[in-house]
Amino acid sequence: MSAILNAVYNNYLSAYTPKPITRYDAHKKSELRSVYNSIVKMNRDAPWYLPTTSKITQNYAVDLKENARELHNTIAQLGGLEEDGLFSKKSAYSSDEEIATASYIGPQKIDGPMPSLELEVRSLASSQENLGLFLPNAKVDLLPDTYSFDLGINDMNYEFQFSVNGGETNREIQERLMRLLNNSGVGVRADIVESEDRTALRITSEASGLSQGKNHLFIVSDEHTSKTSGTVDYFGLDYTSREAANAEVLVNGEPRTATTNHLTIGKTFDISLKGVSPEGSPIQIGLKTDIESLTDNVTHLVGGYNEFMKAASSYLDTQVRSKQLVKELKGIALVYGSPLEAMGFTMTEDGTLELDKDMLRQTASQSQDISQTFGYLKNFSDMLLRKSNQVSLNPMDYVEKVMVAYKNPGHNFITPYFTSAYSGMMFNGYC
């Protein structure tokens, strides 16, 4: 059942609002119990509504929930879940962000010298790529039949079956195989490569790098497949045009390898590799000053608010209740309008915020007590956090619904499936 839920949910996320997964998406039992209790409390007095069947409305609810989750995670990553985390969260710098970017993941209280390191990127991790034969857009030279081939990846073997009908062209079959592979979710993606009047099917692994003892990420063959073979040779699917490779770096002169372009060093820095360093020219990774770290945190907070506001505003023409959410978000910012304006914030006509970083730095540098000076900013982030939790818990609250009846006051009962309208509606196309 969990596999089906993941498949359905991932389909909606990839189709409508893909968001990265962070460590804040994992929860303790106590946190899940709190969510359950909130649902029970909310459902106790909730009236009955007709089910929502509009596809546009369903997509809107999914998008709203995911953007609320993204805002929550943005605030959490900035230390907004802690009492003074928003002001003490440290930021890392890279002397050349075209080579690598860095974020600090170590403790906020540092005893001794500030951590820093030299990084030289010798090579980036790469994925495996199989490039098929370039064939003309002519009638396929395969007999009408049901064909299949096997793709081995991650110690698993998957068989792909498809039919070839009379009169079909090479490109039509290549496009069918591309869709077949892309919809499979086995860890590869496919696309069509064009060269003059010829096309080839390219298969690329989603993963990169090679674990010890491995010399490939996937293999395509039809030697032992269950249906008619011959398509691997015909389309050239087994030719590896680029082998997977590990990233190679020097950290303070010491060689290291990684299967991805993302590595953690000493539980202190989280580094994303972007390019290759000039030989013998390492870049510097270290911590920014407290004022620069504060500026970065506030900038990311403003960015999270603006993205949430834009997501809600994008449905103003199609979803009546989205106006209520936009109004509430603007109201949160207006509550702290004057204090925030003194720090360099400006609200635009569409409700988003602009930040004068120089003014913010000046305010921070003149402050004797950061927590007191930026107390309104902390309150602002707390209100955004509560709003994001509310929307994430029940995005259907901002959907136009037809009410059937109120519950009998004093004699009502809990309806635990009220908020399931959000999750249940995603199964409409699967049942």
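Analyst: Start with accessibility: buried means under 20% relative accessible area, exposed over 50%, and partly exposed in between, with a 1.4 Å probe and protein chains only. The model is predicted, so local features need pLDDT of at least 70, side-chain atom pairs count only at pLDDT 80 or more, and totals for chains, interfaces and linings use all residues. Residues are numbered from 1 along each chain as its sequence is written, and side-chain values use heavy atoms, with hydrogens and water left out.

User: Why is aspartate 155 called exposed?

Analyst: Its relative accessible area is 70%. Aspartate 155 lies in the loop between strand E7 (145-153) and strand E8 (156-164). Strands (E, at least two residues) and helices (H or I, at least four) are DSSP runs, numbered from the N terminus. The phi of aspartate 155 is near 60 degrees, a positive value in a residue other than glycine. Asparagine 252 also has a positive phi, near 55 degrees. That residue sits in the loop between strand E13 (247-251) and strand E14 (254-258).

User: What makes isoleucine 105 count as partly exposed?

Analyst: Its relative accessibility is 42%. Isoleucine 105 is in the loop between strand E3 (100-104) and strand E4 (117-123).

User: Which residues does isoleucine 105 contact, leaving aside neighbours within four places in sequence?

Analyst: Contact means heavy atoms within 4.5 Å. Isoleucine 105 is in contact with Thr264, Lys267, Thr268, Phe269 and Asp270, neighbours within four places in sequence aside. Aspartate 270 is 165 residues away in sequence, yet the C-alpha to C-alpha distance is 6.5 Å.

User: Why is H8 called roughly antiparallel to H12?

Analyst: Two packed helices are described by the angle between their axes and the distance between the axes. Axes are lines fitted to C-alpha atoms, for helices over the stretch in contact, and angles run from 0 to 180 degrees between N-to-C directions. H8 and H12 cross at roughly 160 degrees, with axes that come within 9 Å. Under 35 degrees counts as roughly parallel, over 145 as roughly antiparallel, 65 to 115 as roughly perpendicular and the rest as oblique. The angle is over 145, so H8 is roughly antiparallel to H12. Leu325, Glu328, Leu329, Ile332 and Ala333 in H8 meet Phe380, Met383, Leu384, Lys387 and Val391 in H12.

User: What makes H7 roughly antiparallel to H8?

Analyst: The angle between H7 and H8 is about 155 degrees, and their axes are 9 Å apart. That passes the 145 cut-off, so H7 runs roughly antiparallel to H8. Residues in H7, including Tyr305, Phe308 and Met309, meet residues in H8, among them Leu325, Val326 and Leu329.

User: How do you know which residues belong in a nonpolar core?

Analyst: Such a core is a set of buried Ala, Val, Leu, Ile, Met, Phe, Trp, Tyr and Cys residues joined through side-chain atoms within 4.5 Å. In the largest one, of 37 residues, Tyr305, Leu325, Phe345, Leu377, Phe380 and Leu384 touch the most other members. Helices H3 (55-77), H7 (290-313), H8 (322-335), H9 (337-343), H10 (357-365) and H12 (375-393) each supply at least two residues. H7 gives the largest share, 8 residues. A second, separate core has 28 residues, including Ile173 and Val220.
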